[in-house]
Amino acid sequence: MDRPGFTASLVVACLIRVPSEVVKQRAQVSASSGTFHIFSNILYQEGIQGLYRGYKSTVLREIPFSLVQFPLWESLKALWSWRQDHVVDSWQSAVCGAFAGGFAAAVTTPLDVAKTRIMLAKAGSSTASGNVLSALHGVWRTQGLSGLFAGVLPRMAAISLGGFIFLGAYDQTRSFLLGLGGERP
């Protein structure tokens, strides 16, 4: 994996992902405001910076997540291939992707909690400043370990399903395209 290029693509992807995540999260905790109203309020009250609140924390979550998920996925596929003495099928790759995604989700949940706290913090508060370590410390101080891992099971479930679908589909597509070219994976 081309780590510098991969990291750069994560940073760029977050330029699109973060504003939509900020609006989505605020819509989830708002009693009755529509999406456009929430978007407009963010721009009016906080400016463009409000849409990017949590950008650094999102990048700081995505990089370790990917550094755990993808090498683990590849290692699991290699182990399974070795055990059965042939390359894994796409469904087996999907199972490896589900496990790798779930594990990566579990170990990065505290970073996801910090990101969420930063995105949902009241404008002007110390948490809204975006300091991940400060947000983690605040959660630890008030809620302990259970606070740092709040939502871990739904996060693992959702990301495991995503890992199964996306990494399995990626592997299936890759195998298909290599087959068209006459190469073996």
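Mentor: Here is a short chat about two residues and a repeat.
Mentor: This is a predicted model, where local features need pLDDT of at least 70, side-chain atom pairs count only at pLDDT 80 or more, and totals for chains, interfaces and linings use all residues. Residues are numbered from 1 along each chain as its sequence is written, and side-chain values use heavy atoms, with hydrogens and water left out.

Trainee: Where is Arg 61?
Mentor: Arg 61 sits in helix H4, residues 55-84. Helices here are DSSP runs of H or I, at least four residues, numbered from the N terminus.

Trainee: Is Arg 61 buried or exposed?
Mentor: Arg 61 is buried, because its relative accessible area is 9% and buried means under 20% (1.4 Å probe, protein chains only).

Trainee: Which residues does Arg 61 touch?
Mentor: Beyond four places in sequence, Arg 61 touches Thr 108, Leu 111, Asp 112, Lys 115 and Arg 155; contact means heavy atoms within 4.5 Å.

Trainee: What about Pro 110, buried or exposed?
Mentor: Pro 110 is buried too, at a relative accessible area of 14%. Helix H6, residues 109-120, holds Pro 110.

Trainee: And which residues are in contact with Pro 110?
Mentor: Leaving aside neighbours within four places in sequence, Pro 110 contacts Leu 136, Leu 148 and Phe 149.

Definitions and conventions
Helices (H or I, at least four residues) and strands (E, at least two) are DSSP runs, numbered from the N terminus. Buried means under 20% relative accessible area, exposed over 50%, partly exposed in between (1.4 Å probe, protein chains only).
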